[in-house]
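Please examine the sequence and the structure shown below.

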Amino acid sequence: CDWSSDVCSSDLPQCLGIKIHPEEHGYPIREHARGIFEFAAEHRAVILTHSSEQNSLAADFVPWANEFPEVRLILAHIGCGWDGDPTHQVRAIQQTIHGNVYADTSSARSILPGLIEWAVSEIGADRVLFGTDTPLYHAGMQRARIDQADLPEAAKGCNRTIEIQRRKQCDKCSGSGAKAGSKPVSCDYCGGHGQIAVPLSKANSTPVGTTIEFSGRTGLVSGW
């Protein structure tokens, strides 16, 4: 194939991505990958491919992804496999060495219990991309699978509005605790600590646990 003329027009300022489907187009990727990857590398383009049927085995992309680290490759349809094995995309990513290969969730197989969670545990949330394959599949259903996945919120890429408490200086006392127009004075009895400690042998006149009042505040007598 002449990828320079057939895939992206040279009149465009930049080629952003290439979508390939070896099954529909009738060629084995292992025999035609070099031309595709060389073109993608030249244009710094992303390759999105149907994956893991016999013409597009995920494992067949591994050597090319390793040879062309500047090319980002998305193996579409996580869980899809010609032999019923849902692990092809994840296992292929584990064989790559540059962190430039991803899998997306655009597959009916992705709704299998535990598959998305397993993929994230194996290759990390940053290598599993959200995809829908719309209009073949309902986008809302695919999104609901992610929302309901047994994963940390951060792994789902969601946004949340939260409320936090923070310290703010009081407008009336500036944080001193004293009434307006006055200054705080340390208690002569407890030194401002709010409690005193006395030896147990001397606590007969002031039993341990007694609440005492001083300077308009209360404190607690403790023993040692």
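Helices (H or I, at least four residues) and strands (E, at least two) are DSSP runs, numbered from the N terminus. This is a predicted model, in which local features need pLDDT of at least 70 and side-chain atom pairs count only at pLDDT 80 or more, while totals for chains, interfaces and linings use all residues. Residues are numbered from 1 along each chain as its sequence is written, and side-chain values use heavy atoms, leaving out hydrogens and water.

**Residue H88**
- H88 belongs to helix α5, which covers residues 88-94.
- H88 counts as buried (under 20% relative accessible area; exposed is over 50%, partly exposed in between; 1.4 Å probe, protein chains only), because its relative accessible area is 19%.
- Leaving aside residues up to four places away in sequence, H88 is in contact (heavy atoms within 4.5 Å) with S52, A58, C80, G81, W82 and D83.

**The sheet**
- An open sheet is formed by 5 strands in the order β1-β2-β3-β4-β5, with parallel pairing; two strands pair if DSSP finds at least two bridges between them.
- At the edges are β1 (17-20) and β5 (128-129), each of which pairs on one side only.
- Strands β2 (residues 46-49) and β3 (residues 73-75) run parallel and are joined by 3 bridges.
- I47 stands opposite L73 in β3.

**The nonpolar core**
- A nonpolar core is a set of buried Ala, Val, Leu, Ile, Met, Phe, Trp, Tyr and Cys residues joined through side-chain atoms within 4.5 Å.
- The largest such core has 36 residues, and I20, F37, I47, L73 and L75 have the most contacts inside it.
- Helix α3 gives the most to this core, with 7 residues.
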